[in-house]
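Please keep the sequence and the structure in view while reading.

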Amino acid sequence: SKDVPIGIRAELTHIVEHKHTLAGIDPKLPPVLATPWMIGWMEGACFLAQEPYCEDGETTVGTAIHVDHRAPTGIGETVVAEAVLERIDGRFFIYRVTARNQQQPIGSGTVHRAVVNVKRFMEKAGRP
């Protein structure tokens, strides 16, 4: 695989819909962005940042997530998730991730990713 420079970055922007909220999981819960969606968007930004450095047949997968979710975001609000490659530890790429809505930061932390060969990875998963 290609050398991946420290500091590569990407961001993803999403508008919160009902399906992204706690209420979308259970109607008894409030209609605010659910943490798994925020984390998924952070991971998506990591994927986008590193995708240009993957060879044919390679991709990156998440291996560890350490993230705080500190503020609520309602339906119709815009969330920007950003990832910046902070360091490389052996085969793990460690991204500093943040998410913000129009008012304030809502989440931050780190996501670790590893490069895998998609074909071999799917064979390990029992899906050739």
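This is a predicted model: local features need pLDDT of at least 70, side-chain atom pairs count only at pLDDT 80 or more; totals for chains, interfaces and linings use all residues.

Strand β4 and strand β5 (residues 105-117) run antiparallel and are joined by 9 bridges. Within this pairing, R96 stands opposite T110 in β5.

**Strand pairing**

- Strands of a sheet pair through backbone hydrogen bonds, in either a parallel or an antiparallel sense.
- Residue I15 stands opposite T78 in β3.

**Sheet and helix packing**

- The 5 strands form an open sheet in the order β1-β3-β4-β5-β2, with antiparallel pairing.
- The edges are taken by β1 and β2 (58-69); each has a single partner strand, so one side of each has no neighbour in the sheet.
- From one strand to the next, the twist averages 25°.
- Helix α2 (residues 35-50) packs on this sheet and touches β1, β2, β3, β4 and β5.
- The direction of α2 makes about 140° with that of β2.

**Salt bridges**

- The count of salt bridges comes to 8.
- One of them joins the side chains of E82 and R9, at 2.7 Å from N to O.
- This pair links distant parts of the chain, since E82 lies in strand β3 and R9 in strand β1, 73 residues apart.
- R9 has a relative accessible area of 44%, so R9 counts as partly exposed.
- Another salt bridge is formed by E43 and R113, whose closest N and O atoms are 3.0 Å apart.
- Because E43 lies in helix α2 and R113 in strand β5, the pair ties together parts that are 70 residues apart in sequence.
- Both E43 and R113 are buried.
- The side chains of R96 and E86 also meet in a salt bridge, at 3.0 Å from N to O.
- Here R96 belongs to strand β4 and E86 to strand β3, and the two are 10 residues apart.
- R96 is partly exposed, with a relative accessibility of 38%.
- E86 is partly exposed as well, with a relative accessibility of 36%.
- Salt bridges with shared partners join R9, E11, E82 and R100 into one network.

**Surface patch**

- Which residues make the nonpolar surface patch of about 220 Å²?
- The patch is made by V118, F121 and M122.
- V118 is found in helix α3 (residues 118-124).
- The relative accessibility of V118 is 36%, so V118 counts as partly exposed.

**Overall figures**

- The protein chain has 3 helices and 5 strands.
- From the N terminus on, the order of its elements is β-α-α-β-β-β-β-α.
- Taken along the principal axes, the C-alpha atoms fill a box of roughly 45 × 35 × 20 Å.
- The chain has 128 residues, of which 38% count as buried.
- Among contacts between residues at least 6 apart in sequence, 67% join residues at least 24 apart.
- The accessible surface of the protein chain comes to about 7400 Å², and 54% of that belongs to carbon and sulfur atoms.

Conventions
Residues are numbered from 1 along each chain as its sequence is written. Side-chain values use heavy atoms; hydrogens and water are left out. Two strands pair if DSSP finds at least two bridges between them. Helices (H or I, at least four residues) and strands (E, at least two) are DSSP runs, numbered from the N terminus. Axes are lines fitted to C-alpha atoms, for helices over the stretch in contact, and angles run from 0 to 180 degrees between N-to-C directions. Contact means heavy atoms within 4.5 Å. A salt bridge is a side-chain nitrogen of Lys or Arg within 4 Å of a carboxyl oxygen of Asp or Glu. Buried means under 20% relative accessible area, exposed over 50%, partly exposed in between (1.4 Å probe, protein chains only). Patches are made of residues with over 30% relative accessible area and no salt bridge: like charges are joined within 9 Å, nonpolar side chains (Val, Leu, Ile, Met, Phe, Trp, Tyr) within 5 Å. Accessible areas come from the Shrake-Rupley method with a 1.4 Å probe; for residues, only the protein chains shown count as cover.
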